[in-house]
Amino acid sequence: MARRITLVRHGESLSNLNQRWQGQGNSALSELGRAQARALATRFAERAFTRIVASDLERADHTARALERKYESSTRFRELDVGAWDGLTRDEVATRFADELARLEAGEDLALGGGESYGGFCARVDGALAELRDALAPDEHALVVCHGGVIGAAVSGALGLRAQREVPISRVFNTSISELEYADDGRVSMRVYNDSLHLAGLSLFPHPIETRTAIALVVGAPDPAFGAFAAHYDYELGLDPGICTWTDDETPTFLEVAGAVRMRHAEHRIALSASSARVQAWSHELLGAEDKLAAPAAGALGHVMLDGRVALIDYGVSV
């Protein structure tokens, strides 16, 4: 019996809204952020958790409070400490800390703004997750309300992606849900990533930027809750011969399949159905990882970004 930890990012903060760096400084939730927290509470209304832990920073604490359940506060799940960058815009950081940015670009793992290095941050997140995991009994499930950087570090560590210069997963959306599963033998897998379906009522699913021209991978037919698609293809039933660029005895890569379908719908969101095993294999292929993703359930959806770079936007999204 496995242990599970669900990670949720806080609702949109005022610093998010104004596009300012926020590390361990406090920033209240915006009006949208409060609505996102309420939508999250509705999504979790029937879901039981053994423990709920929240970062003590205001934006995470207020998101956890919206769940109207007992929770513990923790400093260990705080966001990366960006020191003197806190509260600055990206342009202001570029102007004031040009030398620091150049050293980071060269690969140096230094403390941002005199705050915390990424390596030190990952060690803190790994330690906090390990402590929480070890405190759970088999088949127990914990919820952590925290920050985008914390979730990114946790997921990239679980998937073995930290050594990559550009990690092939999207940024974490506000109040999105990600879930890690820890098997008895020590293996960790990702069941869900960046699920923000509860924001559909706020017109924020699919995400208006990342998923506008994405390919949605669906196990079976798309549920109406997933929104509209310009077209839907079923790989298992066979694609139109005009789309296929491979012979019957060849096994195309995911990028070959996606590229062939995308040629017909270059600027639209489309759905591509396949079996759970195939969607899992395609997702492993684009991550460059093996046996790190749990097989998606029937009806589950995930988006893949193809424009600009190839990245997994979300995975295991389900009604």
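**Note on charged residues and salt bridges**

1. Glu-250 has a relative accessibility of 43%, so this residue counts as partly exposed. The model under review is predicted. Glu-250 sits in the loop that runs between strand S8 (231-234) and helix H8 (254-262). On the surface, Glu-250 belongs to a patch of negative charge, together with Asp-248, Asp-249, Glu-256 and Glu-285.

2. His-284 is part of helix H9 (residues 276-287). Its relative accessibility is 11%; because buried means under 20%, His-284 counts as buried. A polar atom of the His-284 side chain lies 2.9 Å from the backbone nitrogen of Leu-293.

3. Across the whole structure, the search finds 17 salt bridges. One of them pairs Glu-92 with Arg-20, with 3.3 Å between the closest N and O atoms. Glu-92 is in helix H4 (residues 90-96), while Arg-20 is in the loop between helix H1 (14-17) and helix H2 (31-43), so this pair ties together parts 72 residues apart in sequence. Both partners are partly exposed: Glu-92 has a relative accessible area of 25%, and Arg-20 has a relative accessibility of 35%.

4. A salt bridge also connects Arg-51 and Glu-72, where the closest N and O atoms are 2.7 Å apart. Here the partners come from two strands, Arg-51 from S2 (residues 51-55) and Glu-72 from S3 (residues 72-74), so the pair ties together parts that are 21 residues apart in sequence. Arg-51 is partly exposed at 26% relative accessible area. Glu-72, at 34% relative accessibility, likewise counts as partly exposed.

5. Asp-240 and Arg-264 form a further salt bridge, and their closest N and O atoms are 3.5 Å apart. This pair links distant parts of the chain, 24 residues apart: Asp-240 lies in the loop between S8 and H8, and Arg-264 lies in the loop between H8 and strand S9 (270-274). Asp-240 counts as partly exposed at 35% relative accessibility, and Arg-264 counts as partly exposed at 44%.

6. Some salt bridges share partners. Arg-4, Glu-179, Glu-181 and Arg-191 are joined in this way into one network.

Note on methods: Residues numbered from 1 in each chain as written. Predicted model: local features only at pLDDT ≥ 70, side-chain atom pairs only at ≥ 80, totals over all residues. Heavy atoms only, no water. Patch = residues over 30% accessible without salt bridge, like charges linked within 9 Å, V, L, I, M, F, W, Y side chains within 5 Å. Areas by Shrake-Rupley, 256 points an atom, 1.4 Å probe, with all protein chains shown as cover. Salt bridge = Lys/Arg side-chain N within 4 Å of Asp/Glu carboxyl O. Lys, Arg positive; Asp, Glu negative; His and termini not counted. Charge placed at Lys NZ, Arg CZ, Asp CG, Glu CD. Helix = DSSP H or I, 4+ residues; strand = E, 2+ residues; numbered from the N terminus. Buried < 20%, exposed > 50% of the residue type's maximum accessible area, 1.4 Å probe, protein only. Polar contact = N/O pair within 3.5 Å; in protein donor to acceptor, adjacent residues only side chain to side chain.
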